[in-house]
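Here are my notes for your review. Please read them with the structure open.

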Amino acid sequence: MSGFFSWLPGQKKTNSRDVAKDRLQLVLVQDRVNLSAQQIGEMKDELIEVISRYVEIDRDGIDITLTRSGRQSRLTADIPILGARH
Amino acid sequence: MSAVVITVTSGKGGVGKTTATANISTALAAMGKKVVAIDADIGLRNLDVVMGLENRIVYNLVDVVEGTCRLRQAMIKDKYLPELYLIPAAQSRDKTALTPGDMIELTNQMREDFDYILIDSPAGIEQGFKNAIAPADRVLIVTTPEVSAVRDADRIIGLIEAEGKYSSDLVVNRVRVDLVRRGDMLSTEDVVDVLAISLIGVVPDDESIIISTNQGRPAVLQNGSLAGQAFRDIAARLTGQTVPFMELDGHDSFMKRLSKLFKL
Ligand SMILES: Nc1ncnc2c1ncn2[C@@H]1O[C@H](COP(=O)(O)OP(=O)(O)O)[C@@H](O)[C@H]1O
Ligand SMILES: [Mg+2]
């Protein structure tokens, strides 16, 4: 879809600088916590698994990200709760 | 007098540590400072050729540490500046010939007689790097604006931070204005943003570095060299001066655009 429309005027072309910065941010987060992308995925799954044992959550609305601000890494989890577990 | 020991290091090899050490040492000496540059890249000696002193070597760093010669005998006087000296690396040895303690002891013997002691570190995170940073008061981390170099720089910064006792600053080397301008190179801001340490210099990719390395005469001694100017600026900042950063990101300042417009 995006390929089809990408010739349209006003469509922002991503240059290799932006790609480089995104890839760098990702790989540095992984380096700093010393976990692979796969391990981070597993950690997220387990986290969701634990929380859903206690409350009913909206799996489509989950947003768990590993980011860094300054030289500090941070795990942020936004998990919408639908209600109590019955 | 008590010297400031500055180690120039990087994660990835070939990013410009030796070039930076030679140029910053020369620039400091040209400002009238007493400077000694130590090549701690044992087995991969290079600082001597970049400074044009390769024909004057008799003794080296390992000879001093092992007591084969006295410290003064291994100090080579620079060709161009009266208050600049080089202690070359041993070429036929490896990094295990030195310990961090040796480097601390050696620099302590010189601290009283100099203003600045610069140490050219080998790349990487092993013994040679540990030797080079052991005596440092400040660390300059050199990187190019490339994903692999910045990634390795991050690793080094992490290790230095873990030691907790150094102040480290970043030098972004080999910036290509044309590539940054068309969006095909990480900008200095991007690199600083990702690494989150303070910036002390931005050096353009410049053919004058290749020419001056061919000649064995650091670019800071040439008036027209843009990279030479960038290294002189770093030296000035090391002495505590505030020097504005060169504009290398293609975002011309208003004044520059104005002067271009009117062909001033
Ligand atoms: N700003 C620059 N512009 C052009 N070439 C450079 C620049 N900085 C370094 N170089 C070249 O890059 C190569 C590697 O530099 P060097 O200082 O030996 O790196 P390192 O000591 O980190 O291995 C050398 O050939 C050098 O001339
Ligand atoms: Mg080198």
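1. Which residues are closest to ligand 1? The model is predicted, so treat every value below as computed from it. In chain B, 13 residues surround ligand 1. The closest are B:K17, B:T18, B:T19, B:N173 and B:D206.

2. Next, the polar contacts of the ligand. A polar backbone atom of B:G14 sits 2.9 Å from an oxygen atom of ligand 1. For B:G16, the distance from a polar backbone atom to a ligand oxygen is 3.0 Å.3. B:R174 uses its side chain: one of its polar atoms lies 3.1 Å from an oxygen atom of ligand 1. On its own, ligand 1 has 560 Å² of accessible area, and the protein covers 79% of that.

3. Now the helix pair. Helix 1 of chain B spans residues 17-30, and helix 11 of chain B spans residues 226-238. Their axes come within 8 Å and cross at roughly 65°. The crossing is right-handed.

4. Which residues of helix 1 of chain B meet helix 11 of chain B? They are B:T19, B:A20, B:N23, B:I24, B:A27 and B:L28. Across from them, helix 11 of chain B brings B:F231, B:R232, B:I234, B:A235 and B:L238. The residues of this contact divide into eight nonpolar, two polar and one charged.

5. One residue deserves a second look. B:T19 is among the residues closest to ligand 1, and B:T19 also belongs to the contact between helix 1 and helix 11 of chain B.

Notes. Residues are numbered from 1 along each chain as its sequence is written. Chains are lettered from A and ligands numbered from 1 in the order in which they are written. This is a predicted model: local features need pLDDT of at least 70, side-chain atom pairs count only at pLDDT 80 or more; totals for chains, interfaces and linings use all residues. Side-chain values use heavy atoms; hydrogens and water are left out. Axes are lines fitted to C-alpha atoms, for helices over the stretch in contact, and angles run from 0 to 180 degrees between N-to-C directions. Helices (H or I, at least four residues) and strands (E, at least two) are DSSP runs, numbered from the N terminus. A crossing is left-handed if the near helix is turned anticlockwise from the far one by less than a right angle, and right-handed if clockwise. Contact means heavy atoms within 4.5 Å. Ala, Val, Leu, Ile, Met, Phe, Trp, Tyr, Cys and Pro count as nonpolar, Asp, Glu, Lys and Arg as charged, and the others, Gly among them, as polar. A residue is near a molecule or strand if one of its heavy atoms lies within 4 Å of it. A polar contact is a pair of N or O atoms within 3.5 Å; within protein, one must be able to donate a hydrogen and the other to accept it, and residues adjacent in sequence count only if both atoms are side-chain atoms. Accessible areas come from the Shrake-Rupley method with a 1.4 Å probe; for residues, only the protein chains shown count as cover.
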